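Subject: Structure handover

Hello,

Here is the structure I promised to pass on. Please open it first, then read my notes below.

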Amino acid sequence: MSGRSSDDANLTYGDIITVLNSEGILLDSNDDLTLTDSFRTDWRRRIDQVAEDPTTYLGLVVEADPESLVVDDDEDGIAVRDESGSITRTVGEWPSEAALLADVAAFVSLGEWLPEFEALDGVERDELVARLRVFLEACPSCGGELKEGEDPSDAAAAEVSVPDVSCRDCGAALF
Ligand SMILES: [Zn+2]
């Protein structure tokens, strides 16, 4: 990504929500944040695209040669390493391939929808992308319904800790 220069590179979370709102990505109705239908549709379309060739899109997102990416898939999740240099670096870790697809697709969609996205640093972009995953309503891999592992009555706690979300159908963990 060719970092576009901007003065507001250090956005706070509140700023991010405001920006996501004004760019038509998030809807804020009575403090209940949801994705707009148009962003959700676009993200869904991207997820399907990324699913056809995850490594190529992953290479774009982490700025690495897809040929040098090694994907480690085990029961704990997915780790992706870049083995192009003399030192292997981990470029990302996800709880499942479904979560990876969602994040990589969100990266691509946000890059198009959000002019500020490229001005954010890598950590801010990763955080923003992971936060969007909360708004998924269907499993990125199979389209199945998502369920939360935590007691819904524990809503106050769920806001600070990340809820444990997985797919009812294929069992993919999203968090
Ligand atoms: Zn699923």
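Start with helix α4, residues 97-113. It has 17 residues and reaches 24 Å from its first C-alpha to its last. That is close to the 24 Å expected at 1.5 Å a residue, where the expected span is 1.5 Å times one less than the number of residues.

Two notes on the source. This is a predicted model, in which local features need pLDDT of at least 70, side-chain atom pairs count only at pLDDT 80 or more, and totals for chains, interfaces and linings use all residues. Residues are numbered from 1 along each chain as its sequence is written. As for the element names, helices (H or I, at least four residues) and strands (E, at least two) are DSSP runs, numbered from the N terminus.

α4 is mostly covered, with twelve of its 17 residues buried. A residue is buried if 20 or more other C-beta atoms lie within 10 Å of its own, exposed if 12 or fewer, and partly exposed in between; the C-beta atoms are placed from the backbone. Among the buried residues of α4 are Leu100, Leu101, Val104, Phe107 and Leu110. Asp103 and Ser109 are buried too. What do the buried residues of α4 pack against? The partners are the helices α2 (37-52), α3 (54-62) and α5 (122-132), and the strands β4 (77-82), β5 (89-94) and β7 (165-167). Contact here means that the C-beta atoms of two residues, placed from the backbone, lie within 7 Å.

The sheet

Three strands form an open sheet in the order β3-β4-β5, with antiparallel pairing. Strands pair if DSSP finds at least two bridges between them. β3 (69-74) and β5 stand at the edges with a single partner strand each, so one side of each has no neighbour in the sheet. From one strand to the next, the twist averages 20 degrees.

Six bridges join β3 to β4, and this pair forms a hairpin with two residues between the strands. Valine 71 stands opposite valine 80 in β4.

Five bridges join β4 to β5. Six residues link these two strands in a hairpin. Arginine 81 stands opposite threonine 90 in β5, and isoleucine 78 stands opposite tryptophan 94 in β5.

α4 lies across β3, β4 and β5, running at about 105 degrees to β5. Angles run from 0 to 180 degrees between N-to-C directions, and axes are lines fitted to C-alpha atoms, for helices over the stretch in contact.

Take α2 and α4. Their axes come within 8 Å and cross at roughly 125 degrees. That makes α2 oblique to α4. Under 35 degrees counts as roughly parallel, over 145 as roughly antiparallel, 65 to 115 as roughly perpendicular and the rest as oblique. The crossing is right-handed: a crossing is left-handed if the near helix is turned anticlockwise from the far one by less than a right angle, and right-handed if clockwise. The contact includes Phe39, Trp43 and Ile47 of α2, and Leu101, Ala105 and Trp113 of α4.

Now α4 and α5. Here the axes come within 9 Å and cross at roughly 110 degrees. That makes α4 roughly perpendicular to α5. α4 passes α5 in a right-handed crossing. Asp103, Ala106, Phe107 and Leu110 of α4 meet Leu128, Val129, Ala130 and Leu132 of α5.

Best wishes
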